[in-house]
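The following note goes through the structure point by point for a reader who is new to such models. Please keep the sequence and the structure in view while reading.

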Number of protein chains: 2
Amino acid sequence: MTYRAPVKDMLFCMKELAGIDQLTQIPGFEDAGYDTAAAVLEECAKFNEGVVAPLNWEGDKYPSSFHDGKVTTTPGFKQAFQQFGEGGWQGLQHPVDFGGQGLPKTIGAACAEVLHSANLSFALCPLLTDGAIEALLTAGSDEQKATYLPKMISGEWTGTMNLTEPQAGSDLAAVRTRAEPQPDGTYKIFGTKIFITYGEHDMAENIVHLVLARVQGAPEGVKGISLFIVPKFLLDANGNPGTRNDAHCVSIEHKLGIKASPTAVLQYGDHGGAIGYLIGQENRGLEYMFIMMNSARFGVGVQGLAVSERAYQKAVQYARDRVQSRPVDGSVKGAAPIIHHPDVRRMLMTMRATAEGCRALAITAAAAYDAAHHHPDAETRAQNQTFYEFMVPLVKGYSTETSLEVTSLAVQVHGGMGFIEETGIAQLYRDAKILTIYEGTTAIQANDLIGRKTSRDGGQSAKAIAGQIELTEADLAARNDPAAQSFAKRLKAAREAFIEVVDFVAGQTKASPNAVFAGSVPYLMLAGNLMAGWQMGRALLAAEDAINEGEEVEFMQAKVATARFYAEHILTRVPGLRDSILEGGESACALPLDAF
Amino acid sequence: MTYRAPVKDMLFCMKELAGIDQLTQIPGFEDAGYDTAAAVLEECAKFNEGVVAPLNWEGDKYPSSFHDGKVTTTPGFKQAFQQFGEGGWQGLQHPVDFGGQGLPKTIGAACAEVLHSANLSFALCPLLTDGAIEALLTAGSDEQKATYLPKMISGEWTGTMNLTEPQAGSDLAAVRTRAEPQPDGTYKIFGTKIFITYGEHDMAENIVHLVLARVQGAPEGVKGISLFIVPKFLLDANGNPGTRNDAHCVSIEHKLGIKASPTAVLQYGDHGGAIGYLIGQENRGLEYMFIMMNSARFGVGVQGLAVSERAYQKAVQYARDRVQSRPVDGSVKGAAPIIHHPDVRRMLMTMRATAEGCRALAITAAAAYDAAHHHPDAETRAQNQTFYEFMVPLVKGYSTETSLEVTSLAVQVHGGMGFIEETGIAQLYRDAKILTIYEGTTAIQANDLIGRKTSRDGGQSAKAIAGQIELTEADLAARNDPAAQSFAKRLKAAREAFIEVVDFVAGQTKASPNAVFAGSVPYLMLAGNLMAGWQMGRALLAAEDAINEGEEVEFMQAKVATARFYAEHILTRVPGLRDSILEGGESACALPLDAF
């Protein structure tokens, strides 16, 4: 099962949609233009295609295992992770001051896609470490930064996020893990955390657990949660791992997918108390954790796109090889490779258009993040921040929900062979299912979209984006070719549907919360579909321009064809979602509880 | 993981939608009315809930295993299958003359749902045996019938369908297994068959393989295929299993799901030739096999509905138990069971409405089968046959495709626990994935829908059904309540979309085969959605009538609420499918093959 990083499409998105060369005008990113992106992606592709991707199926066959408090990862993972760290990949987006490469997220998002396509299970360790690094960068003290960041950025140590407890999943108000202040300024941590990704493993010499806990006497609910650093090994005077901390893995889960990634139950304080160090101020833990979580949510969205891309590639390969039946148009006399059959083409195009749309969505969102964080102009920063924040739940929710459809289609293309584990495509179907669940289920993303991103400002940000979409529509409508015309028609219908739903959400959330929230996930799917579609519309325009100038004509023609497919087969789902949201709120909640 | 057979809803479908009491006017079914159905279903529920359902998770944990040519099934399966046979369940729909109970398919379909909900893997053995029995009943000689049917109907022997070979999956023209005529009138069979469900097992004393093979000198392609009985053990003079035949299992597959069901590779003739007995005439094998296959296709559709129902029940149970977060409408002060959250309600309602719609579709189709086979009036028989044949690809395709969505939602309702195998819901997600593949992939069903069921008669049968739907619309529109009004509106939009698509398919299949077949699966999903929706509309009318008469008011109110949800959340998908079919044919096939 080979994998080739779609470098060309990534560079297309960066150049034509995310305007990467404008990035070089931002202080600190002077060298981060197209050529840098191309060079980094080439290296990234080489490493992941050669080292990480071949371990994907191994990880499914030989999952992480637990014995006597220790987790042994899949053979090869430890060596690959060492190479990953040495190659500087963990530090890609992190500050040069702590040993990172200081590259923009625009490039980082593309590299992350390649890593996740190569191996979702493996890539989770860096993904979580990235989140822990970002939390420390934002909220850690100078001493904490100096102590932990260089080792984490070099890949010598890894990070974890400890939120979930058996009674506290989506609802962090229910966290019970407690922190007892000690005279020396440290805390003793007691409690059980579950679903801790890479909570224990053998790939690094230390693990920096970031743990949500309640200090005694803290307020009830989410306003009484603090965040702590709890290293697996306490550091000695030289900053090296020394005494074992009282944070122990007691088991790992037996899961549907991502089997190589150990999902740990961690027990804190069973032997006197785990030593923890407060990050920032007491009771502001949730705020800090959200930094991690937002980073991780975007990352999980990229995982969705990544698994879709890999499933697409594998399905194409099978469809080229498998010979079965004559084409309906008589274009081949005898039995032909199944890629000749229109329904197989429709499935492959659905997969391709979805992956390309989600990639365009992620890379343009990442560019907004870079501008929001680094642009010299405050107004530009604020606009980009608003745009990015609107996109995060869509990148997370839409790219992962569609990855379920894409991996299912990939199994379908394989026919009976798809159901046989050795074929390898079923693994992607199993792996993908976690993506709509962890780092906030799709419903949690949809709540965020409704509450913080739409209702709070009365739908203003949403409508500002709709205004930009309208400009793209006008550009498309002004072209005379059928692809652009067809796209303009579908984009218009989708944008108008979006605006109706935004008005409904902004207007009714308080008056009819059940009706609005019953439509929350459909709204997320509608908005994600539209935003990815909008980027595909922009891509179509850019590709047509390039064709007129004779640049990369074959690639650009394929982009036009794929964009048109998106409009005619995927954007077409939007008006139906609108109808369900606007008219179906009551029926979704009408059945009495005891009638289920 | 408990399961309760939805007997009440089944009886509702039989009485209000399938008119079971009219069945008693058909010769042979005089006693097969409502009371019989109720009594049979009660027994069926008791047996499957108590004996078969508890083995479902066991089968996933302890799959069938292969050693030294023998397959050992999951502990408990053999005993359960013996009870199944002794209880008369294998013979439910088969002729009294051969030991069956001679009940109509209307009742049989409901019983099959219960069996499949209880345990998909277990139920596959009877499903395949049913198909073999039907093929023998139609095409076997009197001697063959007398020899094999009583033992198969009693559950002492089981049956298999041997179609697939490595190079011949969807395309049976490529079958290479050969049959050499012997002087005594028998044949020697040589070849390899793959994906043979229950091709080897320890649950019965003999296995009756029905095998497609080519007699030497037969025409190329599907017109040169014959069908043979190849028993695992040849029969002695008393008709008991004697000498072992040269048909051997060489391995079983390691699969994504339905792990308890052994999927065998069978080797015929490696030791001199397997003895086979021709069924009917040479070169008519495909025709006979279609009898089996049509029976099995309907059965697999029922599997889809069945796994959806079980997933729904399990998700409801979890949603009642799991406490997390406050409801958005403030109806509960603190954290509440998640069934209070609107998005969870939407997911549960989607699952429920899909299962009820597919059940109504299957049971009404089964009633048409009964009338088509047994009604005294030839015209009535013919009409019902046409109706049934139109419905078979929809029952198969729509009920299985939607089972992927339903089982995925069921995992989603479970949150992080859904991804843990011990929770048990992931099994249903894995199991369901085979349903859109075996007995003809969804694309194969869609080809059947386009070719034999729509184009061949110029869309006449399809439009006749649309005419019936229009009558239901008028009945709904005549009611003054919002549920009926909303339903009428959505049903009308869906029916009109269906007619547009039927015109496109009937008119363009020859001129633009690629464009039409690119829309084949969307057409199947559109038609399935509409037909299940139509039955839900009829159900709504019947339920409102019952409410007016004070009958089973709570049940009937739930039916109205579920039907309305179907209209507003599921029928709403239809117009978008129409748009993709009518306008997206070109873009689906536009990308050059080497651009993928």
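1. **Polar contacts between the chains.** This is a predicted model, and the note begins where its two chains meet. Between chain B and chain A there are 48 residue pairs in polar contact, both residues of a pair having pLDDT 80 or more. The count of salt bridges between chain B and chain A is eight. A:R564 and B:E586 form a salt bridge, with 3.8 Å between the closest N and O atoms.

2. **Extent of the interface.** The size of an interface is often expressed as the accessible area that is lost when the parts come together. Here, chain B and chain A bury about 7500 Å² between them, and 59% of this lies on carbon and sulfur atoms. On the side of chain B, the residues that lose the most area to chain A are B:F419, B:Y429 and B:F596, which together make up 11% of what that side buries. The contact involves 86 residues from chain B and 86 residues from chain A.

3. **Symmetry of the two copies.** Two copies of a chain are related by a rotation about an axis and a shift along it. In this model, chain B is superposed on chain A by a rotation of 180° with 0.0 Å of shift along the axis, at an RMSD of 0.0 Å. The two copies are therefore related as by a two-fold rotation axis. In chain B, the C-alpha of B:G576 is the one nearest the axis, at 3.2 Å from it. Of the interface residues of chain B, 100% are also interface residues in chain A, so the copies meet through the same surface.

4. Two annotations for chain A come from UniProt, each from an unreviewed entry. The feature "domain: Acyl-CoA dehydrogenase/oxidase N-terminal" is placed by UniProt at residues 78-156 of chain A. Over residues 78-156, chain A is 70% helix and 0% strand, and the C-alpha atoms at the ends are 11 Å apart. The UniProt annotation "domain: Acyl-CoA dehydrogenase/oxidase C-terminal" covers residues 283-449 of chain A. Over residues 283-449, the chain is 73% helix and 0% strand, with its end C-alpha atoms 25 Å apart.

5. **A buried histidine.** A:H209 belongs to strand β6 of chain A, residues 206-215. Is A:H209 buried or exposed? Its relative accessibility is 1%, so A:H209 counts as buried, the limit being under 20%. The side chain of A:H209 makes a polar contact of 2.9 Å with the side chain of A:T160. Leaving out residues up to four places away in sequence, A:H209 touches several others, including A:N162, A:F228, A:P231 and A:Y268.

6. **A buried glutamine.** A:Q535 is located in helix α17 of chain A, residues 520-548, and is buried, with a relative accessible area of 2%. Which residues does A:Q535 contact, apart from its neighbours within four places in sequence? They are A:L17, A:A360, A:L361 and A:T364. A:L361 is 174 residues away from A:Q535 along the chain, yet their C-alpha atoms are separated by 6.5 Å.

7. A:K492 and A:E496 form a salt bridge, their closest N and O atoms being 2.9 Å apart. The two residues are four apart in helix α15 (residues 482-508) of chain A, and are therefore separated by about one helical turn. The side chains of A:R578 and A:E500 also meet in a salt bridge, at 2.9 Å from N to O. This second pair links distant parts of the chain, since A:R578 lies in helix α19 and A:E500 in helix α15, 78 residues apart. A:R578 counts as buried at 17% relative accessibility, whereas A:E500 is partly exposed at 36%.

8. **Positive phi values.** Most residues other than glycine have a negative phi. A:F195 is not a glycine, but has a positive phi of about 60°. A:F195 is part of strand β5 of chain A and is partly exposed, at 23% relative accessibility. B:D68 likewise has a positive phi, near 60°. B:D68 lies in the loop between β1 and β2 of chain B and is exposed, with a relative accessible area of 69%.

Key. Residues are numbered from 1 along each chain as its sequence is written. Chains are lettered from A and ligands numbered from 1 in the order in which they are written. Side-chain values use heavy atoms; hydrogens and water are left out. Buried means under 20% relative accessible area, exposed over 50%, partly exposed in between (1.4 Å probe, protein chains only). A polar contact is a pair of N or O atoms within 3.5 Å; within protein, one must be able to donate a hydrogen and the other to accept it, and residues adjacent in sequence count only if both atoms are side-chain atoms. Contact means heavy atoms within 4.5 Å. Copies are superposed by least squares on the C-alpha atoms of residues with pLDDT of at least 70 in both. UniProt positions are given in the numbering used here, feature names are shortened, and annotations may be inferred rather than shown by experiment. Buried area is the accessible area (1.4 Å probe) that two parts lose on being put together, summed over both. A salt bridge is a side-chain nitrogen of Lys or Arg within 4 Å of a carboxyl oxygen of Asp or Glu.
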